[in-house]
Structures are given as C-alpha cells and as structure tokens.
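This report describes the fold of a protein, its helices and its aromatic side chains. Please keep the sequence and the structure in view while reading.

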Amino acid sequence: MLDRIPPLTIPWIVLAVSVATLGGAYFFQYALGYQPCHLCLIERIPYVFAIGAALCAGVLSREANLGIGPVVLLGLCAAAFAIGAGISGYHAGVEYKWWAGPSDCTSSGLVANSLADLQAQIQGGTRAPQCDKAAWTLFGISLAGFNFFISLALFALSALPVLRYEREAHGME
C-alpha cells in the first residue's frame, strides 16, 4: 500500500496542495473579505514552511528515488503538518465550543491591542475577528475544520517517504 504513490511525486504534491491551501486562505481573506483571526494566521505557518521544504525536497530528488535529503525535508514537513493539524483541531474545537479559546481572541471584541486600535475600531465600527466564531462553514465544517483534514492528509503524505525509508533500512519489503 505504501508504494502506490511514486516517491518522486510526493514533494510536488505536498508543494501543490500547500500552495493551493494557502492560496485559498488568501482568496477568502482578500477576494471574499473574510478577515482571519489570530489562530487562522498561526495555522498558515506550517504551509509556508512546507512550501519551502517541499520545493527543496523536489529539487533534491534523484532520478530513481528520493535520497536522504528529501526524506529528511519531507519528515520536517510531516512534523509541521502534525503541528498544523493540532492547531487547526484546537481552533475548530474553539469554534464548536468544545473548549475555551485564548482570552485575547474570544472576548466580546471590545479589547484592542493599543489605544489607536481601539479608537480606529470605535470610529470605523470594525471589530477584530473572533476565534470562537466560524466566519464560513460548508456542511457544518468551518475553515479551521477543513484545514484540520487537509493538514492530516498532508501529514500522512509527507510521512510516506519516511516510512518507506525506514522499511528499506530495516530490510522489510
């Protein structure tokens, strides 16, 4: 089962899905006007890291196999996506009211980081986005929920070369 996806395509798939996911986040922000909360912005960090690491892994790949360098880079991608899945799962849980979120992101929206921010909010009538309110859902799943599933899938895909390398290193076929 581990051999169904060709090893040389894995870094490029991780790269493409990471770019598409981050592009989707920016599309929701800039084209559709959904302002990201603090946790949403943190959830983007693993994708930024993975784009660079997967690109390097793809470039370093050999003709027949990945080699150790790309395997290490994809292992780092897997770690980043595991962290991203944890952050997204936490954020989705905050949105679904399963647990409390950070106090600076789930307040009534009247707390600002500075006096100038508070004055701008009062004059402009704008409020900072709240982490405990899903801005958009599809079939009851918020963007944080979708990000959780995408991060899990990318974790599994990024971990495949590491599992293959371990299997080959221990002589298990």
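The sections below go from the overall fold to single helices, the core, the aromatic rings and a loop.

## Overall fold

The structure is a predicted model. Its secondary structure consists of six helices and two strands, and along the sequence these elements follow the pattern α-α-α-α-α-β-β-α.

The protein has 173 residues, of which 35% count as buried. Of the contacts between residues at least 6 apart in sequence, 75% join residues at least 24 apart.

## Helix α1

Helix α1 has 22 residues, and 30 Å separate its first C-alpha from its last, which is close to the 32 Å expected at 1.5 Å a residue. The buried residues of α1 are I10, P11, V14, L15, S18, T21, L22, F28 and Q29. Viewed down the axis of α1, these buried residues lie within an arc of 165 degrees, so they line one face of the helix.

On the other side of α1, the residues A20, Y30 and A31 are exposed. The buried residues of α1 pack against three helices, namely α3, α4 and α6. Just after α1 comes G33, which has a positive phi of about 80 degrees.

Helix α3 covers residues 45–60, and its 16 residues should span 22 Å at 1.5 Å a residue; the end C-alpha atoms are 23 Å apart, which agrees. Its buried residues are P46, Y47, A50, A53, A54, A57 and G58. Down the axis of α3 they fall within an arc of 135 degrees, so they line one face of this helix. The exposed residues I45 and V59 are on the face of α3 turned away from its buried side. The partners against which the buried residues of α3 pack are α1 (10–31), α2 (38–43), α4 (68–95) and α6 (143–169).

In soluble globular proteins, nonpolar side chains tend to be buried together. Here the largest nonpolar core has 16 residues, and those with the most contacts inside it are I10, V14, C77 and F81. At least two residues of this core come from each of α1, α3, α4 and α6. Helix α3 contributes the most, with five residues.

Which residues does F81 touch, leaving out those up to four places away in sequence? The residues in question are V14, S18, Y47, A50, S151, L154, F155 and S158.

## Aromatic rings

The structure contains seven aromatic pairs. One of them joins F27 and F28, whose ring centres are 6.4 Å apart with 90 degrees between the planes, an edge-to-face arrangement. F27 has a relative accessibility of 46% and therefore counts as partly exposed, whereas F28, at 17%, counts as buried. A further pair is formed by W98 and W99: the ring centres are 6.0 Å apart and the planes meet at 65 degrees, so this pair is also edge-to-face. W98 counts as exposed because its relative accessibility is 59%; W99 is partly exposed, with a value of 41%.

F27, F28 and Y34 together form one aromatic cluster.

## The loop between α4 and α5

K97 is located in the loop between α4 and α5 (115–124). Most residues other than glycine have a negative phi. The phi of K97, however, is positive, near 65 degrees, and K97 is not a glycine. With a relative accessible area of 55%, K97 is exposed.

P102 also belongs to the loop between α4 and α5. Which residues are in contact with P102, leaving aside its neighbours within four places in sequence? They are L39 and Y90. P102 and L39 are 63 residues apart in sequence, yet their C-alpha atoms are 9.0 Å apart in space.

Conventions
Residues numbered from 1 in each chain as written. Predicted model: local features only at pLDDT ≥ 70, side-chain atom pairs only at ≥ 80, totals over all residues. Heavy atoms only, no water. Phe/Tyr/Trp six-rings, centres within 6.5 Å; stacked < 30°, edge-to-face > 60°. Buried < 20%, exposed > 50% of the residue type's maximum accessible area, 1.4 Å probe, protein only. Helix = DSSP H or I, 4+ residues; strand = E, 2+ residues; numbered from the N terminus. Expected span 1.5 Å × (residues − 1). Arc of directions from axis to C-beta. Contact = heavy atoms within 4.5 Å. Core = buried A, V, L, I, M, F, W, Y, C linked by side-chain atoms within 4.5 Å.
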